[in-house]
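Let's take a walk through a protein together, one stop at a time. Have a look at the sequence and the model below, and keep them at hand as you read.

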Amino acid sequence: MPVNNNPPPYQFSDFWEYLARRFHLSSQEQGPGNVRPLKTRKKKRLWLRITIGVIILLLIVSLGRGVYLYTEWLWFGEVGYTGVFWKVLLAKVGLGLGAGAVFFAFIYGNILLARRLSPRFKVGPGSEIIERVPVPDRLFNLLVPLALLLPTIIIIAAVGSGWLDLLKFLYRAPFGVNDPIFGHDAGFYIFALPFLKLMQSFAWWTLILSLLATAAIYFFDYAINWEKDRLKFAPHVKGHLSVLLGLIMFTLGFSYLLKGYTLMYSGRGVVYGASYTDVHAQLPVYKFLFAVAIISGILFLVNTYFRGWKLPIAAIGLIILTAIFAGVVYPFIIQQYEVSPNELAKEKPYIKYNIDFTRQAFDLNGFQEKPFAADNNLTAADIQANAATVNNIRLWEPNALGQTYNQIQAIRLYYNFPDVDVDRYMIGGKETQVMLAARELSVDSLPDQAKTWQNEHLVYTHGYGLTMSQVAQVSAEGLPQLLIKDLPPQSSAPELNVSNPAIYYGEQANNYIVVDSSAKEFDYPKGNDNVYTSYAGSGGINISGLLNRLAFSWRFASLKLLVSDAIQGQTRIMIHRQIQDRIRNIAPFLLYDNDPYLVVADGRMFWIQDAYTTTDNYPYSQPSPEGYNYIRNSVKVVVDAYNGNVTFYAVDDKDPLLQTYRNIFPGLFTSADKMPDQIRQHLRYPEDMFKSQAEMYATYHMTDPQVFYNKEDQWSIPHLGDSGTEMAPYYVTMSLPGENKEQFMLLQPFVPNTKDNMIAWMAAKSDQGVYGQGLVFEFPKDKLVFGPQQIMARFNQDPTISQQVTLWNQSGSQVIYGNLLVIPVNQSILYVEPLYLRAQQGQIPELKRVLVAYGDQVVMEEDLAKALTKIFGAPVAGVAAKPQAAATAPATPAASAAPNLKALAGTALDHYNKALAAEKQGDWTTYGNELKALQDTLNQMQSAAGG
């Protein structure tokens, strides 16, 4: 009988014993199936070529990213925030690569362990020994890492994106407010919980993929077989898989623990946050599932000492059944049969939690409530006493004024005014509300033949100056009276002088530019010629060195940037010139207001950008339509329009989110007391935050849970016109009831939900010393006060107004209604709406009429002063009136001959033709002058005809 020299298959009854004995085997041990085939020199060269090819491919792919990071590092150095760059980069790379290394090492280690533990022989049906034919080790060691490469990259990207969660977790500051269910500080939910959820998800997927990969190795290496209609596991396989399944159960249990905390954001009840059902049904289920999962994990570990899978499988079944029936059915039964029949009594404490935490999160407790009588007893003397308020009523609507600016002050086709802002300036010792816009350069508007690389990046580099006008002033022609105009900027008041009007950083500066080169930069037009300049500021990155030029040429895919002769030793490149892009690139973790605004201070121009700290993880707080449920305007960002310097001023040191960010980035924020006073004078309460607060206050002014539950006093933001556009908050300069000093503030009216009458108005102050103070004035519940929509309807229904509007529309002109403003005066309400007229073939809206409503009266007059005089029955002293066109001097007795109408007609035609020619050339200054001359000539003709 032949002797079988093959060793028997390795069979051990205990997994741990097998591990111990298995790993004591010599690495030189030989046996059937583990003889490694020799590699030929040709195959070695093939693998070397493949390796080199993969390395080259990775270098090419990573080169673009490396160039981008290098140029960004240079840019962060320019703005002085290199520390922020490295902190963010190291957090991303450290967290991502750390997670990727753990992921790869854990899965690869389990795969290697499974391969080493796999049997070298398989017992056949007749008890014969069948040799296993394994994948060669070298091929295996190459294929497995390649197979793991893609999921590892995904893990690196996914976990690395949580860099901010990691930093906030490490540097978190307490809120000092505990949730009412678990007693944890709000900072736990905002800073710790997101990071713990990220780590739980990472661990879960690492273990799941490791289990699948390990099981696949065992299956292909005969350690898992399908015999007699069932799977058969080798003893050591069961032990290995049991350990992995045990760890998965522990991770699952941890997820149920975290789910209990996420009930703070539940939407099951009548309000946002944990409801009665969540606390008394869902939370106990999560606690039970947590316990069962932990027990299941322990059973899987213990199962390595026993045969079979009955205990752990029973535990998994219990988890599934509990999750389905107890996790879904039980809370449903509690909600339907215990809560719904007596909902208010059950949910009352949780409604109160939601009210309190929402008011805290949106800083609504700072708004002081006051009564407002809404009387109709104003007199002309009252209007005169409030002349400063009336003279600052905004008669110019931003969109209409922007069109007018672009027609009369753009000067050239490549200039435009992208946005009009509202602010206030001290002019002649008085605080005056103004509207202003930056004259920015748009290279897209250059003629096609002028769109060369040199023009777009070296010559046409910056905008120039601004236009400013008072909000309530209008010329005799219905145009704004300009306080700053023309090129170079001409100011009507010394306080508004602009000594450095160049705008290198603005709202639409989207392209990169090269400054301080041998090519002269276009500064501004002067008559038929142009004025040129060279940049003398501190902005930009030096690109005289070959490395920097190569890097930026690669980044912008521009060979011209590399080979241009215009680049000299001091030449610099400016990137991230669009102010919001510039700011976000430094601090992407802040939320930014949609309306950055221009400020003139000490003869220079700056941009102020409001920045918010927000989160969507504040416990029990109702989310806003934008998704966050906590907001503070803790940061004001100032950008120099010429040098591009960016300063983040911390203006709310009490904000825990800001405290955390200051811990993370100690060099990023500057103390508010270091803000120049000339800038501080122009701080505004931000529109986006005020809008969110107003939306929340419409519901959360109700602090009694029963009133809140029944929505007995629900308010809403007024909607205007047939389109139902929501009335936006607006800036006003006015004195509040009971106060004598006019202040700059934001105002928002309220109406009852589903009603049009006005019920209250809300204001937030912006001036120094009172910045951020909020007030809400409520009307008597038993008094009808017309709301904005009702006032607009009254304007449209007035016979005089409707006939005039119809006549204008039929004559080929377009009637444009401006913003309807609600203006509180003493304890009464004035309603003011401007009306503009635009010729069918023209682009210049002209202010033609002012509509005013007070009490039961509705009037339409040429200006606000005349409208108020008509309403109050007497002239109102102190209110500015629209200037009248200059009257033509009457003919003297010596000039008895009738004026030559034919000559005047020729003059009028000449002015008309010159205006048309100026319009075609885009010379809007000449266009306006010729129209004015044409009007004067027509007035002379009318006088000559005896009209």
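This is a predicted model: local features need pLDDT of at least 70, side-chain atom pairs count only at pLDDT 80 or more; totals for chains, interfaces and linings use all residues.

How do the residues of the lining of the second largest pocket divide into nonpolar, polar and charged? There are 16 nonpolar, 9 polar and 13 charged residues in that lining.

The pocket itself has a volume of about 1,100 Å³. It is lined by 38 residues, and those closest to its centre are Glu397, Thr725, Glu726, Ala728 and Asn819. You can find these on your screen to get your bearings. Several helices and strands each supply at least two residues of the lining, among them α13 (398-408), β7 (421-427) and α20 (687-700). The helix α22 gives the most to this pocket lining, with 5 residues. The strand β29 is also one of the elements that supply at least two residues here.

To call a residue buried, its relative accessible area has to be under 20%. Which residues point which way from the strand? Tyr730, Val732 and Met734 point one way, while Tyr731 and Thr733 point the other way. A partner for β29 is the strand β30 (residues 743-752): the two run antiparallel and are joined by 5 bridges. Within this pairing, Tyr731 stands opposite Leu746. As background, strands of a sheet pair through backbone hydrogen bonds, either parallel or antiparallel.

The structure holds 3 cavities of 30 Å³ or more, and the second largest cavity has about 40 Å³ of space. Rolling a probe the size of a water molecule over the atoms shows where empty space is left. Which strand gives the most to the lining of this second largest cavity? The answer is β29, with 4 residues. The lining includes Thr389, Arg394, Gln433, Tyr731 and Leu821. By class, there are 6 nonpolar, 4 polar and 1 charged residues around the second largest cavity.

Next, look for an open sheet of 3 strands, with the order β15-β19-β18 and antiparallel pairing. The strands β15 (513-515) and β18 (541-542) stand at the edges, each with a single partner strand, so one side of each is left without a neighbour in the sheet. Between β18 and β19 there are 2 bridges, and the pairing is antiparallel. Here Asn542 stands opposite Arg572 in β19.

If you follow the chain on from β19 (572-574), you come to the loop between this strand and α17 (579-586), where His576 lies. His576 has a positive phi, near 50 degrees, in a residue other than glycine. Is His576 buried or exposed? His576 is buried, with a relative accessible area of 12%.

Tyr620 is in the loop between β22 (604-615) and β23 (630-640). Tyr620 is not a glycine, yet its phi is positive, at about 65 degrees. At 0% relative accessibility, Tyr620 counts as buried. The other loop runs between β12 (480-485) and β13 (490-491), and Pro488 has its place there. Leu487 and Pro488 are joined by a cis peptide bond, with omega at about -10 degrees.

Now for two residues from separate parts of the sequence. Gly64 is found in helix α2 (residues 41-79) and is partly exposed, with a relative accessible area of 28%. How many residues apart in sequence are Gly64 and Trp554? They are 490 residues apart in sequence, but 7.8 Å apart in space, C-alpha to C-alpha.

Let's step back to see the whole chain. Among contacts between residues at least 6 apart in sequence, 67% join residues at least 24 apart. The protein chain has 26 helices and 37 strands. Of its 947 residues, 50% are buried. The chain exposes about 43,800 Å², and carbon and sulfur atoms supply 57% of that area.

Conventions: Residues are numbered from 1 along each chain as its sequence is written. Side-chain values use heavy atoms; hydrogens and water are left out. Buried means under 20% relative accessible area, exposed over 50%, partly exposed in between (1.4 Å probe, protein chains only). Two strands pair if DSSP finds at least two bridges between them. Contact means heavy atoms within 4.5 Å. Accessible areas come from the Shrake-Rupley method with a 1.4 Å probe; for residues, only the protein chains shown count as cover. On a 1 Å grid over the protein atoms alone, a cavity is a set of points where a 1.4 Å probe fits but cannot get out, and a pocket is an open set with protein on both sides within 12 Å along at least five of seven lines; lining residues have an atom within 4 Å of a point. Grid points are joined across faces, edges and corners, and a volume is the space filled by probe spheres set on the points. Ala, Val, Leu, Ile, Met, Phe, Trp, Tyr, Cys and Pro count as nonpolar, Asp, Glu, Lys and Arg as charged, and the others, Gly among them, as polar.
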